[in-house]
Amino acid sequence: SSIVSPQSRAKRIATHLAKVCHLPFDAVLLLLLGSFSAMAGKRYRCVYEDGKKTAIGLYVVVEQPSGTSKTRLQSMLIEPMMKKIREKIKVLRSMISEAENELTELLEVSDKFDSSAKLLRRKIRSLKKELDSVENLMPITNATPEALEVTLNRTNGTFSAISSEKGLIYSMLGFSYGRKAQNHDVLLNGREGGEIKSNRVGREGYSGPVYATVVCFAQEDTVLKVIEASGVSGLSERFLVNVDLDLIGSRDYVNAEKPDFTLLDEYERQCSFFDDVLDTRFDPDMMIDLRVSKQDWLIIHHTENELERKLIAGQIYSNPIMRRFVSKARMQIMGLASDLYLLDSDPSLLPTDNQGDNLIPSEYVMSAIYMMQNLIDSLYCFCVNNGLINSSDQLKVVYDLFSKHGALTMHEIKKKCEGVKPFKELDAPRKTIEGIVNFLEQNHVLIKTEDDALIKNPEPYRPLI
């Protein structure tokens, strides 16, 4: 509750929808900002101190178990975008039909090479191209990286991938069809508005800047897949993740809050700027640039200094996963601040060109900083609970087992460790223990016997942490 002002539109909408769908507030807030950024990121971007411009479309992954209203919430969050696109498609199809009828009538009384006929054919081709572009602005629910490149050609460099199924992440990252070579260029560059140049044999490639949004609200293990796919590519740190505890067992359906359609209509009106995107084909050169004041840049840099000290070897964020995530704090703060500002401000007062300073008010920068700090802490807890980050205490408990016992199987190690501290306090102790055993084996502290058990390496032990 301290992250966002109680009076802000983001706070009011997220609080209401969290109650309606029986979901944690932080999860709903992140999904709200991610879904809203699918529209805002096609109209606005943010500018670094040095003048470099970056996208504000967010990459968001939120996990909740099955049966927690994921599809219901996601549908409400993207309905303004879907509605506006559907209405634009309807208008364009009507215009094409009218032009085609007019051409048919004209050809009945004139030659097909008549100048008026040529103009009508040109108009029809232009309208069909515009229709194709608008249709491809519809949120994608499942796509491979190669298919995204085709979409980019049709939209002039933008896409939104939004789904309540983890199949979205699986297909985009290549897990669903056994990819051996990773192809993450589109995703890597799409978060920051970076340039790609793709030449493909047998299909359409794309060259130019990419402005993307990815929002996945899915079941367990989605975040693990994102981290797994990253390797050293830098993909995972572009995602903001939330893995809150679910509310299953405490949901009250009798006294459940009903949807407030007045508030949802207010949310839709706040998205009115998206009409401008639909009326004029998306063009990165025509985007409106938002800026951060010098004073707020100083606050951001102080925040970065505090995080930097926690990256030193042996400190809380010294693990490679956390280091990569923290390295993108500035970019994420800019995106969050921009989207909070655009969602909260009077639509009639939002910038419509680049003539003014277009400063993001300080309150949204501060909210974004607090939100980012919470997201960093949340990711750290997730990594510890899932064995991605091993503490020295955890390593010592597993290693000490082999001072008391000879050879142990993985099952025996898990059984002996899961009920003692620090493992018994974790959400997934057996998974964490397995990760530590694998870590010790990879570093030759433990070695396998012929019958697949593990023993302590007779070589002297060298502490790993």
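Contact is taken here to mean heavy atoms within 4.5 Å. The structure is a predicted model, in which local features need pLDDT of at least 70 and side-chain atom pairs count only at pLDDT 80 or more, while totals for chains, interfaces and linings use all residues. Residues are numbered from 1 along each chain as its sequence is written, and side-chain values use heavy atoms, with hydrogens and water left out.

Under this criterion, and leaving aside residues up to four places away in sequence, Val365 touches Val292, Asp296, Ile300, Ile333, Ala337 and Ile360. Val365 lies in helix α14, helices being DSSP runs of H or I with at least four residues and strands runs of E with at least two, numbered from the N terminus. The residue is buried, with a relative accessible area of 1%, where buried means under 20% relative accessible area, exposed over 50% and partly exposed in between, for a 1.4 Å probe and protein chains only. Val365 and Gly335, 30 residues apart in sequence, are separated by 9.6 Å from C-alpha to C-alpha.

Helix α14 (residues 362–385) also packs with helix α12 (residues 320–327), their axes coming within 11 Å and crossing at roughly 165°; the axes are lines fitted to C-alpha atoms, for helices over the stretch in contact, and angles run from 0 to 180 degrees between N-to-C directions. The two helices are therefore roughly antiparallel to each other, a class that covers angles over 145 degrees, with those under 35 counted as roughly parallel, 65 to 115 as roughly perpendicular and the rest as oblique. From α12, Ile321, Met322, Phe325 and Val326 meet Met372, Leu375, Ile376, Leu379, Tyr380 and Cys383 of α14. By class, this contact of α12 with α14 comprises 10 nonpolar, no polar and no charged residues, with Ala, Val, Leu, Ile, Met, Phe, Trp, Tyr, Cys and Pro counted as nonpolar, Asp, Glu, Lys and Arg as charged, and the others, Gly among them, as polar.

Helix α5 (residues 145–155) is mostly covered, 8 of its 11 residues being buried. The buried residues of α5, among them Glu146, Leu148 and Glu149, pack against α4 (115–135), β4 (158–163), α6 (167–172), α7 (185–190) and β5 (195–197). After α5 comes Asn156, with a positive phi near 70°.

A search of the whole structure returned 0 disulfides, a disulfide being a pair of cysteine sulfur atoms within 2.5 Å. The sulfur of Cys271 is 17 Å from the closest cysteine sulfur, in Cys21, and thus too far for a bond; Cys271 is buried at 0% relative accessible area.
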